[in-house]
Amino acid sequence: MAATAGDVNRPISPGSLPAPTYEPIVPGERSTPGRLGWWRRVRRTRASAIVGFCALGLILFLAVAGPWISRYDPIKPDPFNITASPSGAHWMGTDQYGRDVFARVVDAARLDLMVAVAITAIALTIGAVVGGLTGYFGGIVDDVVMRVVDILLSFPAFVLAIGITAMLGNETKFVVIAVAIAYTPYFVRLVRSEMLSLREAEYAAAAKCVGNRRLRILGYHLLPNALPPALVQATLTLGWGILDTAGLSFLGVGIRPPTAEWGVLVSDGTQYINSGQWWISVFPGIAILIAVLGFNLVGEWVRDAVARR
Amino acid sequence: MTSRPSALISIHNLTIAFPDETGERFTPVVKDVSLTVGRHEILGLVGESGSGKTQTALAILALTRPPGRVVGGSVLVDGEDVVGMDEAELRRVRGKKAAMIFQSPRTSLNPLMTIGDQIGRVYQRHRGLGKSAARTASLAMLRRVGIAGPERVAASYPHQLSGGMAQRVMIGMMVACGPELLIADEPTTGLDVTIQAQIFDLIQEVQAETGMSVLLITHDLGVVAETCHRVAVMQAGRVVEIAPVAELFARPRHPYTIRLLGALLRPDQPFDLTRETMQVSPETVLEIEGRHYRAVSVDSWAAKGVSTPELVEVGPEHVVLCHVTEVGAPIVAGAST
Amino acid sequence: MIESNGGAVANPLIDVRGLRKIFSAHGGRVYAVNGVSFQIEAGEAVALVGESGSGKSTVAKCLVRLIDPSEGQIVFRGQDVTKLGEGEFRPLRSRIQMVFQDPTMSLNPRLTVKQTLSEPLKLHGVVRNGSLDGQLGELMDLVNLDRRLLGRRPHQLSGGQKQRVGIARAIATRPDFVVLDEPTSSLDMSIRIQIIDLLRRLQGELGMTYLFISHDLSTVRSLCSRVIVMYLGTVVEEGPVEEIFTNPKHPYTQALLSAVPIPDPTRRHERRRIVLPGETPHLAAPPVGCPLADRCPYVQPSHRVGTIPFFEVGPGGHRAACLLYAPDGDGVRR
């Protein structure tokens with residue numbers, strides 16, 4: 001394969017140079033970026049992202065390990081111990097029914113995280129499917145769907161969620177559905193616009209030439225490439241989902257007491273803040289803050305990571 | 001200034017580096033480049049993508065884009081070092097001394113201004129002409145760069161021009177500045193073959209007329225053969241060979257140049273079926289010991305732990321990047337037998 | 001069905017008849033291809049040459065059915081494929097393949113080389129029982145790629161390697177006919193010749209037929225045996241490659257060839273550049289008469305009417321659509 005430069009006949013010759021011996025080309029023309037450098041990547045991560053990951057780690061740890069840390073029942077009232085201030089026995093004090101606030105905050109973490117994940121999963125899935133199909137195929141269905149999306153987007157998500165829960169009723173699953181519907185249009189629009197540009201991509205044409213059916217081109221070749229922006233949105237939606245769920249509960253149209261949910265907890269404590277029992281509301285409030293902040297910072301990091309690729 | 005004609009541009013040991021993602025380590029993209037552009041000459045700067053040819057040219061106008069920066073060497077433009085100049089001084093150099101046209105002329109033009117106004121402004125600012133004089137001069141310039149119907153073109157906006165027209169306009173605009181050096185960075189990328197030929201013909205004509213120097217960056221050795229007087233070949237950030245065009249094509253010395261010329265496809269000859277495919281590894285360098293040239297792998301040099309390569313004169317105006325093994329051994333000019 | 005390799009001119013592998021493609025865009029219409037006809041025999045390497053606006057890429061896309069022609073037929077081995085529905089045409093895709101211009105754009109960035117190359121094999125059921133890995137290995141060997149690269153993704157490959165993957169994908173099903181859409185134009189010059197060598201070798205080994213779409217005439221001369229020159233949606237000249245390069249007849253072909261830079265400084269002063277005034281226009285109406293009429297230095301009033309027929313201008317089927325070569329000659333025969 002690798003011939004030497006014995007090309008005396010060519011008009012372009014190395015002149016009178018002694019024909020140098022050339023070494024064969026190595027098969028791999030260029031070396032690949034190493035797979036290592038995992039630690040370097042962590043090191044160069046921005047401080048804000050690290051704070052975000054820590055915040056989420058804390059919440060996640062509480063949600064998973066909570067029951068083993070706290071020996072109190074989050075639901076059962078304890079009439080002998082109402083509105084006890086934070087102490088060694090009750091780290092975050094007790095509420096007006098004598099329930100341990102820490103136990104309730106931790107118990108609520110699990111519910112809130114699950115609700116947020118469910119909301120995001122539903123919105124992302126519907127968004128990807130509907131956005132992918134309409135973006136790829138276009139046509140009348142696309143026009144109709146986009147008008148509906150426009151209408152939904154003209155309401156603030158939270159207001160829309162209030163309206164839907166008011167219609168459906170305030171069970172946890174309805175809250176999930178309501179907030180998910182409120183966020184779906186964002187995902188539809190995001191995935192659709194990605195798909196609109198990707199369907200013109202040359203590798204889509206190549207996939208067609210190779211013999212792929214259209215649905216396979218859409219699902220296998222294009223959708224995975226259309227998703228990264230939606231995944232960024234999803235991370236942020238996890239935070240907003242928590243905020244909105246808590247907000248609905250706080251307003252009394254979401255999850256109802258006595259279920260331990262951060263919004264419910266904050267709402268429970270509001271009437272006691274003026275009388276000095278701040279801990280009932282403030283601790284769940286801090287939990288919401290940490291969770292939403294965490295998702296936002298991590299979301300930003302994901303966005304940058306996606307942009308860098 | 002001495003009476004001896006000095007080079008218009010002389011670049012000494014220029015090194016430009018870009019930081020990696022962490023921003024801690026700098027990777028050089030231009031390594032120890034020394035190069036001159038003489039007065040009234042067309043110098044071709046040839047190399048494949050990523051060879052550092054554009055970065056070298058940008059450094060002449062001190063246009064190295066941050067976070068990249070010049071980490072060593074000097075760039076003398078008509079005797080003045082542009083490395084470390086402040087913006088006010090640079091404004092004096094840009095346009096007056098050296099001007100540049102780019103690959104995509106349409107993005108270099110202001111989309112909100114008519115072509116006539118844009119060229120007119122150049123005349124007002126650089127030549128101090130009045131408004132109506134500038135307009136007349138603009139039309140003359142458009143006609144000069146081969147635009148039929150200059151009035152119509154002067155009244156149009158950049159997006160209304162074809163790629164070839166836009167590049168003509170760019171050339172006209174830069175020439176209007178009256179620069180001593182015109183840098184053309186792959187000026188025909190994306191243009192059709194016939195338009196490309198016209199653009200290069202135009203550059204040659206304008207050069208001959210105004211006597212300016214041209215630094216033509218290209219990857220096409222055909223263009224070099226037809227357009228340039230001298231040529232510098234770059235590979236992986238280094239200039240590996242500089243020679244007059246005829247000399248380079250007749251007697252290439254560096255393995256990389258030989259490899260490039262060996263990879264040429266000739267439009268003017270039938271394809272040579274018996275042609276031996278010459279494959280030289282991109283990692284090959286030239287080693288000189290006394291009068292003997294040897295192409296060796298980079299690795300073997302790294303193993304020997306020998307110093308950096310240097311440009312050695314091997315013929316009239318012909319230098320080549322070599323690792324000199326026997327210090328002090330004179331290289332016979334031309335190395336001809 | 002017609003037996004393959006009938007060998008005679010009567011049985012071309014590809015027969016394009018009166019192909020037209022009109023795009024509607026922004027309220028107006030663009031006449032991209034205006035009645036193109038040509039034939040390609042099995043085993044040939046034919047170049048389709050032209051500048052932007054010539055319609056060469058549109059013809060290519062019609063051939064691999066990325067777009068449907070507005071009019072005309074494409075006959076593949078005696079079968080009119082333009083009449084087939086998308087689903088009916090799909091099995092034929094294993095016979096008709098395409099290599100794209102820019103491998104960076106035409107490879108799915110998420111898929112490994114292995115995934116990309118497995119696709120055609122799986123979709124067309126040509127995986128020999130459970131030997132997918134073996135077949136992939138052979139494929140990699142065919143295009144001179146290290147088998148270890150199978151696990152890589154496009155961004156971990158060099159430009160030349162990527163295009164080799166693109167070629168491997170196209171030849172995976174051992175197609176009869178491959179459309180090469182400027183496969184070397186995005187590559188560095190030293191890689192370009194390697195890809196040309198590879199394409200030449202593959203054609204010899206696998207007996208494929210090529211249609212090579214290009215504006216790069218040096219590459220055309222290195223790879224093809226016959227050339228079809230297009231201008232403004234029509235064929236203006238065709239013939240054997242050496243005939244076209246040494247004896248071009250159509251004024252457009254002459255101008256095009258004279259514009260190609262010759263990488264030989266000793267020949268700098270020999271060249272005589274033929275410059276056609278103006279640039280390729282956009283057609284908002286179907287052309288009448290000679291498409292080059294507005295730019296041609298030899299134009300006569302009679303050239304601006306009707307359709308221009310082809311005239312035999314040289315050996316080996318060298319013909320040009322130019323009235324200057326009409327035997328009865330209302331033009332000047334040159």
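## A tour of chains A, B and C

Start in chain C: Ile14(C) faces Ile40(C), its opposite residue in strand S2(C). What you have open is a predicted model. It scores ipTM 0.86 and pTM 0.83.

**Stop 1: the hairpin of chain C**

Select residues 14–25 of chain C, which are strand S1(C). Ten bridges tie S1(C) to S2(C), and the two strands run antiparallel. Now pick Arg20(C). Which residue is its bridge partner in S2(C)? Asn34(C) is the partner.

Move to the turn. Two residues separate S1(C) and S2(C) in this hairpin. Click on His26(C), in the turn: its phi is positive, at about 50°.

**Stop 2**

While the side chains are displayed, keep one rule in mind. In a regular strand, side chains alternate between the two faces of the sheet.

**Stop 2: the eight-stranded sheet**

Stay in chain C. Select the strands S6-S7-S8-S3-S9-S10-S12-S11, which form an open sheet in that order. Pairing here is mixed. S6 and S11 (311–314) of chain C are the edge strands, each pairing on one side only. On average, neighbouring strands are turned by 25° against each other, direction ignored.

Zoom in on S7(C), residues 177–181, and S8(C), residues 209–214. These two run parallel, joined by five bridges. Across this pair, Val179(C) stands opposite Leu211(C) of S8(C).

Next, show the helices that pack on the sheet. Helix H1(C), residues 56–63, touches S3 (45–49), S7, S8 and S9 (226–231) of chain C. The direction of H1(C) makes about 145° with that of S8(C).

**Stop 3: where chain C meets chain A**

Show chain A. Here 26 residues of chain C are in contact with 18 residues of chain A. Colour S6 (96–99), H3 (103–106), H4 (113–123) and H6 (159–171) of chain C: each supplies at least two residues of the side that touches chain A. By class, that side of chain C has nine nonpolar, nine polar and eight charged residues.

**Stop 4: where chain C meets chain B**

Switch to chain B. In this interface, 33 residues of chain B are in contact with 30 residues of chain C. Four helices of chain B each supply at least two residues of its side: H8 (193–210), H9 (221–227), H10 (245–250) and H11 (255–262). Which of them gives the largest share? H8(B) does, with seven residues. The side of chain B that touches chain C holds 16 nonpolar, nine polar and eight charged residues.

**Stop 5: two helices in chain A**

Select H3(A), residues 101–137, and H8(A), residues 214–226. Their axes are 11 Å apart, at an angle of about 110°. That makes H3(A) roughly perpendicular to H8(A). The crossing is right-handed. Show Ala128(A), Gly132(A) and Tyr136(A) of H3(A) against Leu218(A), Leu222(A), Leu223(A) and Ala226(A) of H8(A); these residues make the contact. Six of the contact residues are nonpolar, one is polar and none is charged.

**Last stop: confidence in chain C**

Colour chain C by pLDDT. The mean is 88, and 95% of residues reach 70 or more. Residues 1–8 of chain C stay under 50.

Conventions:
Residues numbered from 1 in each chain as written. Chains lettered and ligands numbered in written order. Predicted model: local features only at pLDDT ≥ 70, side-chain atom pairs only at ≥ 80, totals over all residues. Contact = placed C-beta atoms within 7 Å. Nonpolar A, V, L, I, M, F, W, Y, C, P; charged D, E, K, R; others polar. Axes fitted to C-alpha atoms, helices over the stretch in contact; angles between N-to-C directions. Parallel < 35°, antiparallel > 145°, perpendicular 65-115°, else oblique. Left-handed = near helix turned anticlockwise from the far one by under 90°. Pairing = 2+ DSSP bridges. pLDDT = per-residue confidence, 0-100.
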